[in-house]
Amino acid sequence: MNEPGYQHILKEGLWNNNPGLVQLLGLCPLLAVTNSVVNGLGLGLATTLTLITTNVIVSGIRNLVRPEVRIPVYVLVIASVVTIIELAMNAWFHDLYKILGIFIPLIVTNCAIIGRAESFASKQTVDRAFIDGLAMGVGFTLVLVTLGGMRELIGQGTLFAQAHLMFGEPGRALAMTLIDDYRGFLLAILPPGAFIGLGLLIALMNVINARREERELARDLDVARPSQA
Amino acid sequence: MNYRSSVITSVILFLFAVIGTGLVAVTYTSTSDRIAANERERLLRKLHVLVPPARHDNDLFADTLTVRDEILLGTPGPVTVYRARRANRPVALVMAAVAPDGYSGSIRLLVGINYDGTLAGVRVVTHRETPGLGDAIEEERSDWIYGFDGKSLENPPTGRWEVRKDGGDFDQLTGATITPRAIVGAVRRSLLYYREHREALFSISSPAESQQQAP
């Protein structure tokens, strides 16, 4: 069994193997919720919390669970954790729960979570599973927030609208109207906007990766053939 | 896999099911009171927006009534009416009416009506309208819902209780006509119900089970 270092795990989750842009897991919540920055951030944080918790639990019980029943056990763990998080949020963060209410049960449908449980946490130590959950969660959140920002800006010309629902009164100051008297561009907010936006993000990532590869290749060539200046 | 090992495997799975369900059950019992209190407080906050605490001196939760009118109140089930009084004189009431014809199902409302028949205000409690379009009926997302404040069946006159697209006085929302149309209709019907039953709504005493948690 290989034992990746923390830095490697972080890089995988945030970029190389990003759940939203590379693995394309969890598209259902990703596409449904990203019509504003605040919605994206809310679901991202809730997903991150779930991922960390389930990853740690799955890793902790990895020697106990027989391979034949591992999937039902993971499903049980994930469903219990999500339900408990939902109830706890309802009890202690009631207003936030009212906004994210319908998205929390959606987390169960996020295959990134069972995907990480099966392909990573069940084979690694608890600390690595924790870092992996954090990295994948933050990576997913970044995609949600970026896509949410794109759609919100193009769709209604604002950013961080309704931030006070999440951060309380100080959040009101965060809300920005970047384009005054904007008539709105509905397509961006409706589901097709999510698909188009995600496609553009993936394309952008591919461009960046290709550039980087080119540069690395050029550097390798330079090393092989010292400069003639 | 032999007999022994499959028994162990099923026991493990069973134990996980028991622990998982147990944890959820414990969380549920330990949070349910708090959640109910949260819901109650949230509802009271909504009621107080429509009928500010300064306007009444009775307990809104105790002085309730349930009524039924499928056509005017939008639901076959019971509708809770919260009554506000000051020194035993009727001030206003809030009805938990329903707009049954939203774009994606029913929209639950709180319709506050002053004793004289003018609207104290309207708020949306739950809905499943399209995010970004129909959800502008929420007070947090736009000012649209304030458009009902102070209106009554005479203002605008009955024929103009429609969205502008249908020749009425109420704005529709960009990209969403069905949602506002449903709410305007539900509010108008609530006012009609109120006009017909005003005295009865205030005079019938609260049934014993009125302490029950409102929907």
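A residue is termed buried if 20 or more other C-beta atoms lie within 10 Å of its own, exposed if 12 or fewer do, and partly exposed in between, with C-beta atoms placed from the backbone. The model is predicted: local features need pLDDT of at least 70 and side-chain atom pairs count only at pLDDT 80 or more, while totals for chains, interfaces and linings use all residues. Residues are numbered from 1 along each chain as its sequence is written, and chains are lettered from A, with ligands numbered from 1, in the order in which they are written.

Leu27(A) is partly exposed because 18 other C-beta atoms lie within 10 Å. Leu27(A) belongs to helix α2, residues 27-33 of chain A; helices are DSSP runs of H or I with at least four residues, numbered from the N terminus. Between the C-alpha atoms of Leu27(A) and Ile57(A), 30 residues apart along the chain, the separation is 24 Å.

A nonpolar core is a set of buried Ala, Val, Leu, Ile, Met, Phe, Trp, Tyr and Cys residues joined through C-beta atoms within 7 Å. The largest has 48 residues, and Val38(A), Val58(A), Val77(A) and Leu144(A) have the most contacts inside it. Helices of chain A that each supply at least two residues of this core include α2, α3 (37-60) and α4 (70-92); α8(A) gives the most, with 12 residues. Apart from this core lies another, of 45 residues, among them Trp144(B) and Phe148(B).

Two residues are in contact if their C-beta atoms, placed from the backbone, lie within 7 Å. Beyond neighbours within four places in sequence, Leu144(A) contacts residues including Leu30(A) and Val33(A).
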